[in-house]
Amino acid sequence: MSTTNTGRGRRRAPNGRGNNRNPNPPAPTPNPAPGAGTPVPLPSRRKGLARLVGPRHERHVLTTAQLPALGLPVGDDGVVIGIDAERNPAVLGLFRPEPLDVAFVGGAYVVQIIALRAAAIGARVAIESGRPQLWSAMAQAAGGAQPCVTVHQVGRLGPQGPTAGSPVLVIRDCGARPPRNRLAPAAWQTTLTLLPFLDPAQARQRIGVGAGLVGIQRVSPIEAQAASSVLSLPGEDEAALPTLADELTLWSTRKSRKYVLLAPTQAEVGLLGPPRRMD
């Protein structure tokens with residue numbers, strides 16, 4: 001017989017217990033399989049992401065005969081030095097498995113930008129200069145706590161030990177008539193010689209013999225004539241060299257030439273100032 005709860009007006013269940021239900025009832029236990037002595041436990045959930053099985057696809061396999069037809073869209077690699085006439089990034093492939101000599105006729109500003117960006121891609125930069133005060137601030141900013149950019153007196157630069165994983169850019173800032181380079185050529189080592197101006201009497205020696213890449217900023221008409229003679233530049237380039245803006249450089253190899261507009265970043269301008277031809 002049931003009784004009435006005068007406080008709440010609820011009836012008790014016939015078994016005499018209240019009808020307060022457990023808000024978290026236990027999970028039902030599956031029925032044991034026929035003939036089994038104990039129930040089969042449910043699989044436990046692992047913490048974190050569950051192990052998911054994705055869709056099954058056929059593997060992409062090429063035969064040996066098909067490998068030559070495989071092409072990958074890999075662009076140029078190196079140091080971005082600005083933009084070309086088509087507004088595309090201009091890239092200098094400075095580090096190669098063979099030695100490379102670069103001659104640059106112009107101011108130190110462009111070379112400092114190249115040094116900063118070479119250090120940014122993991123190269124070591126060693127500067128041989130008779131004016132270390134010009135390079136010290138840049139070297140400290142580029143290296144931070146790591147000595148990736150070092151400055152040395154003229155004639156005091158020792159072997160750098162370049163490797164494929166640690167290429168080296170050697171910058172020689174030793175005037176218009178630099179002394180002989182004491183470093184032996186080495187793979188993955190590029191030597192960039194900075195010439196503040198081009199001596200017509202030594203033009204072939206400075207930018208012709210052994211130089212695989214030549215960069216020229218604004219020069220005098222006499223220097224432009226000497227450079228055009230050595231590099232076999234057309235008449236329009238010879239006429240344009242004395243009128244180039246501070247941001248513009250002509251880069252030339254034995255097979256091609258290209259005008260590049262330097263585009264320094266805000267951080268580079270904050271460290272080095274605006275682009276300029278003269279130091």
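Reader: Which residues does W251 touch, not counting residues up to four places away in sequence?

Author: Please keep in mind that this is a predicted model, where local features need pLDDT of at least 70 and side-chain atom pairs count only at pLDDT 80 or more, while totals for chains, interfaces and linings use all residues. Residues are numbered from 1 along each chain as its sequence is written, and side-chain values use heavy atoms, with hydrogens and water left out. A contact here means heavy atoms within 4.5 Å. Leaving out residues up to four places away in sequence, W251 touches I81, L92, V102, F104, I114, L213, V214, G215, S256, R257, K258 and V260.

Reader: Which residues have the most contacts inside the largest nonpolar core?

Author: A nonpolar core is a set of buried Ala, Val, Leu, Ile, Met, Phe, Trp, Tyr and Cys residues joined through side-chain atoms within 4.5 Å. Buried means under 20% relative accessible area, exposed over 50% and partly exposed in between, using a 1.4 Å probe and protein chains only. The largest such core has 36 residues, and those with the most contacts inside it are I114, V125 and W251.

Reader: How many residues does the second, separate core have?

Author: Among the members of this second core are V105, A224, V230 and L231.

Reader: How many of the 13 residues of α1 are buried?

Author: From its first C-alpha to its last, α1 reaches 18 Å, close to the 18 Å expected at 1.5 Å a residue, where the expected span is 1.5 Å times one less than the number of residues. After α1 comes G122, whose phi is positive, near 100 degrees. The buried residues of α1 include A108, Y109, I114 and R117. The helix is largely enclosed by the rest of the structure, because the number of its 13 residues that are buried is 12.

Reader: With which residue does R172 form a salt bridge?

Author: A salt bridge is a side-chain nitrogen of Lys or Arg within 4 Å of a carboxyl oxygen of Asp or Glu, and a search of the whole structure finds eight. For R172, the closest N and O atoms of its pair are 3.0 Å apart. The pair links distant parts of the chain, strand β6 and strand β4, 44 residues apart. R172 is buried at 4% relative accessibility, and its partner, buried at 5%, is E128.

Reader: Is D173 buried or exposed?

Author: The side chains of D173 and R131 meet in a salt bridge, 2.7 Å from N to O. Because D173 lies in strand β6 and R131 in the loop between β4 and α2, the pair ties together parts that are 42 residues apart in sequence. R131 is partly exposed, with a relative accessible area of 24%. At a relative accessible area of 5%, D173 is buried.

Reader: How far apart are the closest N and O atoms of D199 and R177?

Author: D199 counts as buried at 13% relative accessibility, whereas R177 is exposed at 57%. The two residues form a salt bridge, and their closest N and O atoms are apart by 2.6 Å.

Reader: Which residues does T191 touch, not counting residues up to four places away in sequence?

Author: T191 lies in strand β7 (residues 189–195) and counts as buried, at 8% relative accessibility. Setting aside residues up to four places away in sequence, T191 touches L100, D101, V102, V170, R172 and N181.

Reader: Which elements give two or more residues to the lining of the largest cavity?

Author: On a 1 Å grid over the protein atoms alone, a cavity is a set of points where a 1.4 Å probe fits but cannot get out, and lining residues have an atom within 4 Å of a point. Grid points are joined across faces, edges and corners, and a volume is the space filled by probe spheres set on the points. About 40 Å³ of space lies in the largest cavity, lined by I81, V110, E247, T249, W251, V260, L261 and L262. The elements that give two or more residues to this lining are β9 (248–252) and β10 (257–261).

Conventions
Helix = DSSP H or I, 4+ residues; strand = E, 2+ residues; numbered from the N terminus. 1 Å grid on protein atoms, 1.4 Å probe; cavity = no way out; pocket = protein on both sides within 12 Å on 5 of 7 lines; lining within 4 Å.
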